[in-house]
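Dear colleague,

I am handing over the structure we spoke about, and it is shown just below. My notes on what was found in it follow, and I would be glad if you read them with the structure open beside you.

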Amino acid sequence: AIERTFSIIKPDATRRNITGKILDRLESAGLRVVAQKRLQLSKAEAEGFYAVHRDKPFFDDLVSFMISGPVVVQVLEGEGAIAKNREVMGATNPANAAAGTIRADFAESIEANSVHGSDGPDTAAQEISYFFAQTEIAG
Ligand code: CMP
């Protein structure tokens with residue numbers, strides 16, 4: 001089925017000016033950008049977005065990293081978009097990411113791992129609505 005998923009190009013990637021390279025990987029996999037904006041997240045926005053990780057030991061560092069520079073937030077659409085995006089991203093830790101994936105090729109570390117992608121349909125819907133109004137999405 002045609003799905004939508006939520007994606008973030010993270011500050012390590014905007015800093016290195018490789019958002020286009022990452023976008024090319026997503027589009028080449030058949031994902032279509034139906035909404036996109038570049039943002040400087042506030043601390044409160046980053047904490048709210050990653051609230052599920054609040055009790056993890058890496059939470060404070062993750063929030064600091066996510067506000068260390070601009071991000072590009074996106075809604076991606078396509079056949080099986082959620083799983084497809086996860087496949088193209090590769091494993092969270094670039095050391096474990098399959099060859100040819102975005103994280104294997106671009107990520108700096110498990111934290112500065114270049115991209116985020118929703119992990120399922122419920123999170124996708126929730127994460128999309130955290131950043132985008134329906135009127136900002138053009139499929
Ligand atoms: P993301 O998919 O955005 O979801 C949570 C993020 O926390 C993850 O990618 C990583 O960037 C970051 N992170 C930092 N340390 C860890 C860790 N030990 N395990 C999982 N995620 C981590």
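**The aromatic cluster**

Phe-49 counts as buried, because its relative accessibility is 9%. Please keep in mind throughout that this is a predicted model, although the mean pLDDT of the chain is 98 and 100% of its residues reach 70 or more. For the complex, the predictor gives an ipTM of 0.95 and a pTM of 0.98.

Phe-49 also forms an aromatic pair with Phe-131, with the ring centres 5.6 Å apart and 50 degrees between the planes, and this pair is tilted. Since Phe-49 lies in helix α3 and Phe-131 in helix α7 (residues 121–131), the pair ties together parts that are 82 residues apart in sequence. Both Phe-49 and Phe-131 are buried.

A search of the whole structure finds 6 aromatic pairs. One of them joins Phe-6 and Phe-49, whose ring centres are 5.6 Å apart and whose planes stand at 55 degrees, so this pair is tilted. Because Phe-6 belongs to strand β1 and Phe-49 to helix α3 (residues 43–49), the contact ties together parts that are 43 residues apart in sequence. Phe-6 has a relative accessibility of 0% and therefore counts as buried. Taken as a group, Phe-6, Phe-49, Tyr-50, Tyr-130 and Phe-131 form one aromatic cluster.

Helix α7 also holds Ile-128, which counts as buried because its relative accessibility is 9%. The C-alpha atoms of Ile-128 and Ser-118 are separated by 9.1 Å, and these residues are 10 apart along the chain.

**The strands**

Strand β1 (residues 2–9) pairs with strand β3 (residues 71–79) in the antiparallel sense, over 8 bridges, and within that pairing Thr-5 stands opposite Leu-76 of β3. Strand β1 also pairs in the antiparallel sense with strand β4 (residues 115–117), here over 3 bridges, and the bridge partner of Ser-7 in β4 is Gly-117.

**The ligand**

Which residues surround the ligand? They are Lys-10, Tyr-50, His-53, Phe-58, Leu-62, Thr-92, Arg-103, Ile-110, Glu-111, Asn-113 and His-116. A polar side-chain atom of Lys-10 lies 2.7 Å from an oxygen atom of the ligand, while for Glu-111 a backbone N or O atom lies 3.0 Å from an oxygen atom of the ligand. In the case of His-116, an N or O atom of the side chain is 3.0 Å from an oxygen atom of the ligand. On its own the ligand has 450 Å² of accessible area, and the protein covers 78% of that.

**Two residues with positive phi**

Asn-17 is not a glycine, and yet it has a positive phi of about 60 degrees. Asn-17 is placed in the loop between α1 (11–15) and α2 (19–28), and it counts as exposed because its relative accessible area is 69%.

Ser-114, likewise not a glycine, has a positive phi of about 70 degrees, and its place is in the loop between α6 (102–106) and β4. Is Ser-114 buried or exposed? With a relative accessibility of 0%, Ser-114 counts as buried.

Notes
Residues numbered from 1 in each chain as written. Predicted model: local features only at pLDDT ≥ 70, side-chain atom pairs only at ≥ 80, totals over all residues. Heavy atoms only, no water. Pairing = 2+ DSSP bridges. Helix = DSSP H or I, 4+ residues; strand = E, 2+ residues; numbered from the N terminus. pLDDT = per-residue confidence, 0-100. Phe/Tyr/Trp six-rings, centres within 6.5 Å; stacked < 30°, edge-to-face > 60°. Buried < 20%, exposed > 50% of the residue type's maximum accessible area, 1.4 Å probe, protein only. Near = heavy atom within 4 Å. Polar contact = N/O pair within 3.5 Å; in protein donor to acceptor, adjacent residues only side chain to side chain. Areas by Shrake-Rupley, 256 points an atom, 1.4 Å probe, with all protein chains shown as cover.
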